[in-house]
Amino acid sequence: MSNFALSLLNVVTGFSRERFVQKTRDLEQFQKQFLLKLLREYQNTEFGKDYGFKDIKTLAEFRQKMPILPYKSYEPYIDRIAKGEPNVLLPDPVVYLTLTSGSTGKKKLIPTSRKSQSVLRRANLTSLGFLTRGLQRRGLEFGKILLTNSALIWGETEGGIEFGPASVGVMRMDKRLYNTIFSNPFETLLVADSVARHYLAILFALRDRTTRGIVANFPMLILRICNYLDRYGEEMVRDIETGSIADWLNLEPQLRQQLESKWDADIDRAAELRHILKTEGRLTPKSAWPDSLFVTAARGGTSDFYFRRFPEYFGDRPIFGAVFSSAEGTFSIYPDVDTDGSILSIETGFFEFIPEEQWHLDQPETLLPREVEAGKCYRILLSSYGGFFRYDIGDVVEVVGFYNQAPLIVFKHRAGGLISATTEKTTEDHATRVMDSLQEEFGVRLEDFCLTLSENDFPARYLVNIELAPGEKLENPEAFLKRFDERLGEENTHYAISRRSDIPPPRLRILKPGSYDILRQRQVKKGIPDSQLKFPHISEDRQFLADLPLLEDVEISSGS
């Protein structure tokens, strides 16, 4: 990155950060202004007319007259957009439809205009401002970043609107920012084959010794990048040394030509990397880019489970959450590295919170951001330039504090994301806390895990499906299972109560190495982009893992 481009970016992101911080000092007034302005701009859309936006003059009227709607209520409007009809949900032309991954539920189409994208871009710039300041405080520098997400469009609707994953729309509409920030050429992300795309993106970043960061949607995907670097490090060094691109890669001829025109040898860099291979036996991010390296990936939820494996590849390098977002919008912005609490993104939406005691109601009473309490969990509602109003995305967040007047939130789990053998309601957060603590207690690393329920028991028993990380061995599986049983009871008292009477003892299913790779391949075949893969750590689908190859099936022995 040139000094001029870096300096300009620092100025822009620093200004964006300071403007955002100022607004957090007058949260209530700014959120009110945001909503009323949004309603004025959207009052003449078909959706705005149907719900009387023109007659809504106050925040109270909005909450009274606008119902909380599920996605299915928006589907007829989105179908009209897909056919090319203008001014349906958004007043501005829809230029892209984000297709959600569907990895945790049904796929959805989310409309995007250049106006709505510019609002979200502001949050990304603010996030970069916080990242740059956080790195500077630690004596580190911001620099170019490695990204491996696919940038391929999936198709067009009958109205001629392109659709695909969220990241594709962002990158394609903001190529100038992409070229400023990322170390691998945009063309590397247009490669259809997943292995070839990862290889090429890492290859270009590896040649650049000034690469500073690695970004992916989820920590699991960061670990996959590390695995690719480990597996293909020797071949990548050879390509850097010779100025060639491996001929075995499944690469479209035109893209190969374009990338070869951007590629040349760097003998000195190859010598540095070959020395690392000789002395350490493999390449890791911390050895390949020892200066100012940072990682950007989602925090909260199940992330801590995967972060436990990061020191092997990154040492104590900082981890930045960037933004907490979905296809529907951006919900919060992280104010620093190595922190889980993120600031409500008050510039990208008007927010309401549903308290836990109201979750069972179709039209619950909501709280405004100033009314929430630290230590409590809420479902979050969004009204934004994406055309959704009082939209319940289904995410459960915990308020952990405040940044000036704005809540600091942490993603916990999906609403409804739970399993029950009786009525105990074990959540993904319960499961992750338990398995994370067991890794530490037993000194073992897990590749992944998922809790399911047995089919032939009534009430059902818990099945603890784990795959050990490469080279790991679980010395006492039964002790591990017994501690799982105890720790889950500590995290979820309802489980402990039911285990004393109704729920039979759990079973531990140790899956053969590569089992979760099989599951990943199945997900990709279903049309889920590999850059958006995220696995549930609990599943009500009792066949989800049933046919994966089993290494060992462990029960708690009677009398123990």
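Reader: What is the relative accessible area of S292?

Author: S292 is buried, where buried means under 20% relative accessible area, exposed over 50%, and partly exposed in between (1.4 Å probe, protein chains only). A word on the ground rules: this is a predicted model, in which local features need pLDDT of at least 70, side-chain atom pairs count only at pLDDT 80 or more, and totals for chains, interfaces and linings use all residues. Residues are numbered from 1 along each chain as its sequence is written, and side-chain values use heavy atoms, with hydrogens and water left out. S292 counts as buried because its relative accessible area is 13%.

Reader: Thanks! What is phi of S292 near?

Author: S292 sits in the loop between α13 (285-288) and β7 (294-296); helices (H or I, at least four residues) and strands (E, at least two) are DSSP runs, numbered from the N terminus. S292 is a residue other than glycine, yet its phi is positive, near 60 degrees.

Reader: Let's turn to N404. What is the relative accessible area of this residue?

Author: N404 lies in the loop between β14 (391-403) and β15 (406-414). N404 is not a glycine, but has a positive phi of about 55 degrees. N404 counts as partly exposed because its relative accessible area is 41%.

Reader: Which proline does a cis peptide bond join to F458?

Author: Look in the loop between β18 (446-453) and β19 (462-468). The cis peptide bond there has an omega of about -5 degrees, and the residue it joins to F458 is P459.

Reader: How many charged residues are in the contact of α9 with α10?

Author: In this contact (heavy atoms within 4.5 Å), the α9 residues include Y199, I202 and L203, while Y228, L229 and Y232 are among those from α10. Ala, Val, Leu, Ile, Met, Phe, Trp, Tyr, Cys and Pro count as nonpolar, Asp, Glu, Lys and Arg as charged, and the others, Gly among them, as polar. The contact of α9 with α10 has eleven nonpolar residues and two polar ones, and the charged residues number four.

Reader: What is the hand of the crossing of α10 and α12?

Author: α10 and helix α12 (residues 267-280) pack at an angle of about 160 degrees, with their axes 8 Å apart. That angle makes α10 roughly antiparallel to α12. A crossing is left-handed if the near helix is turned anticlockwise from the far one by less than a right angle, and right-handed if clockwise. For α10 and α12, the crossing is left-handed.

Reader: How is α16 placed relative to α17?

Author: Helix α16 covers residues 428-442. Its axis lies 9 Å from that of helix α17 (residues 477-491), at an angle of about 140 degrees. So α16, relative to α17, is oblique.

Reader: Which residues does D429 touch, not counting residues up to four places away in sequence?

Author: D429 belongs to α16. With a relative accessibility of 14%, D429 counts as buried. Leaving out residues up to four places away in sequence, D429 touches K412 and H413.

Reader: One last stop: how far apart are the C-alpha atoms of I518 and P549?

Author: I518 is in helix α19 (residues 515-525) and is partly exposed, with a relative accessible area of 31%. Not counting residues up to four places away in sequence, I518 touches L548 and P549. I518 and P549 are 31 residues apart along the chain, and their C-alpha atoms are separated by 9.7 Å.

Note on methods:
Axes are lines fitted to C-alpha atoms, for helices over the stretch in contact, and angles run from 0 to 180 degrees between N-to-C directions. Angles under 35 degrees count as roughly parallel, over 145 as roughly antiparallel, 65 to 115 as roughly perpendicular and the rest as oblique.
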